[in-house]
Amino acid sequence: MGSGWHEWPLVLFTVLGQCVAGALIVSGLGWFAAKDDVVRQRIVRSMFFLWLVMGIAFLASVMHLGSPLRAFNSLNRVGESALSNEIASGSLFFAVGGLWWLVAVLGKMPAVLGKIWLLVSMLLGVVFVWAMTNVYQIDTVPTWYNGYTTVAFFMTMLLSGPLFAGLLLRAAGVPFNANVFAGISVLALLVSAGVIVLQGLSLGTIHSSVQFANALVPDYGRLQVWRIVLLAAGLRCWICPLIRRKDPHAAGLALGLILVLAGEIIGRGLFYGLHMTVGMAVAG
């Protein structure tokens, strides 16, 4: 029992991976909307931090497996194992997107090929997040085997990704439609709050012969409140300047991203803390 922090490599891998997938989509849209090659090159240079964070996420995942060799072994059942599919899709996303960035930053990317390549990379990010959700759709773990898991993973992408991309674009001095993407993150926050309430209510109906699921994380409610506070505070750093019709400062966006990631890390820790092998358990 506890907050689930004992699974911190998986916490970091999933949260950071989903953040990068969302950020690539938003910054990629900014790249598509750029009117000249100079602006596009500034965006590409700022994308370095996407792949840096993705590298940190994969390093955390390897630490969970214990050794790089196990990571390679986990690819043996691609198409049959959800874990293999997750690692394969994540590796493909990292490789295809990272190679696009490398060729683009060197100025060697043909115009048409660059657009197609980036679009494929953005789609692979969505596939990667979807593959992540399938890893935890285990019928013997009823606290994970539900739609809340899928929704929560994609909400992390929509909460943190646009904010990360907004920070990169702002630091690069590139204008973008911040109102739209900030609105998406606010909507994701509202959906996440709904998931917290509904999932919290459902935990009392899941139990085994020895315990109820809501006893797995005794501080579930308190930690979720802290999570929402951090998420709201993080988005506030983005939204308040927009309400005043001013461009957010890069420092404010950086603080907002840190707060949002902290909130999502708490939420993901709670997710892993709710692991429950049912055996003779029932739900309902």
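Axes are lines fitted to C-alpha atoms, for helices over the stretch in contact, and angles between N-to-C directions run from 0 to 180 degrees.

## Basis of the report

This is a predicted model, in which local features need pLDDT of at least 70 and side-chain atom pairs count only at pLDDT 80 or more, while totals for chains, interfaces and linings use all residues. Residues are numbered from 1 along each chain as its sequence is written, and side-chain values use heavy atoms, with hydrogens and water left out.

## Helices α7 and α9

Helices here are DSSP runs of H or I with at least four residues, numbered from the N terminus. Helix α7 covers residues 147-171, and helix α9 covers residues 220-243. Their axes come within 11 Å and cross at roughly 30°. The crossing is left-handed, a term for the near helix being turned anticlockwise from the far one by less than a right angle.

On the α7 side, L159, P162 and L163 take part; they meet L231, G234, L235 and W238 of α9. Contact means heavy atoms within 4.5 Å. The residues of this contact divide into 6 nonpolar, 1 polar and no charged. In this count, Ala, Val, Leu, Ile, Met, Phe, Trp, Tyr, Cys and Pro are nonpolar, Asp, Glu, Lys and Arg are charged, and the others, Gly among them, are polar.

T149 is found in α7. Is T149 buried or exposed? T149 is buried, with a relative accessible area of 2%. Buried means under 20% relative accessible area, exposed over 50%, and partly exposed in between, with a 1.4 Å probe and protein chains only. Leaving aside neighbours within four places in sequence, T149 is in contact with T133, Y136, Q137, W144 and F271. The T149 side chain also reaches the backbone oxygen of W144 at 2.7 Å. From T149 to I228 is 79 residues in sequence and 17 Å in space, C-alpha to C-alpha.

S160 is buried, with a relative accessible area of 0%. Not counting residues up to four places away in sequence, S160 touches C19, L257, V260 and L261.

E264 lies in helix α10, residues 250-273. This glutamate, E264, is buried at a relative accessible area of 1%. Which side chain makes a polar contact with the side chain of E264? The partner is R227, at 3.1 Å. A polar contact is a pair of N or O atoms within 3.5 Å; within protein, one must be able to donate a hydrogen and the other to accept it, and residues adjacent in sequence count only if both atoms are side-chain atoms. Not counting residues up to four places away in sequence, E264 touches V15, T156, L159, R227 and L231.

R245 lies in the loop between α9 and α10. R245 counts as exposed, at 79% relative accessibility. Its phi is near 60°, a positive value in a residue other than glycine.

## The nonpolar cores

A nonpolar core is a set of buried Ala, Val, Leu, Ile, Met, Phe, Trp, Tyr and Cys residues joined through side-chain atoms within 4.5 Å. The largest one has 68 residues, and L50, F93, W100 and F164 are those with the most contacts inside it. Helix α1 (residues 8-33) gives the largest share of this core, 12 residues. Apart from this core lies another, of 11 residues, including I206, L223, L270 and L274.

F93 touches V20, A21, L24, W51, M54, G98, S121, L124, G125 and F128, not counting residues up to four places away in sequence.

W117 lies in helix α6, residues 111-135. Leaving aside neighbours within four places in sequence, W117 is in contact with V96, L99, W100, V103 and M109. The W117 side chain reaches the backbone oxygen of V96 at 3.0 Å.

L52 has its place in helix α3 (residues 48-65) and is partly exposed, with a relative accessible area of 39%. L52 and V20 are 32 residues apart in sequence and 9.6 Å apart in space, C-alpha to C-alpha. L83, in helix α5 (residues 82-105), counts as partly exposed at 39% relative accessibility. L83 is 105 residues from A188 in sequence and 26 Å from A188 in space, C-alpha to C-alpha.

Technical notes:
Helices (H or I, at least four residues) and strands (E, at least two) are DSSP runs, numbered from the N terminus.
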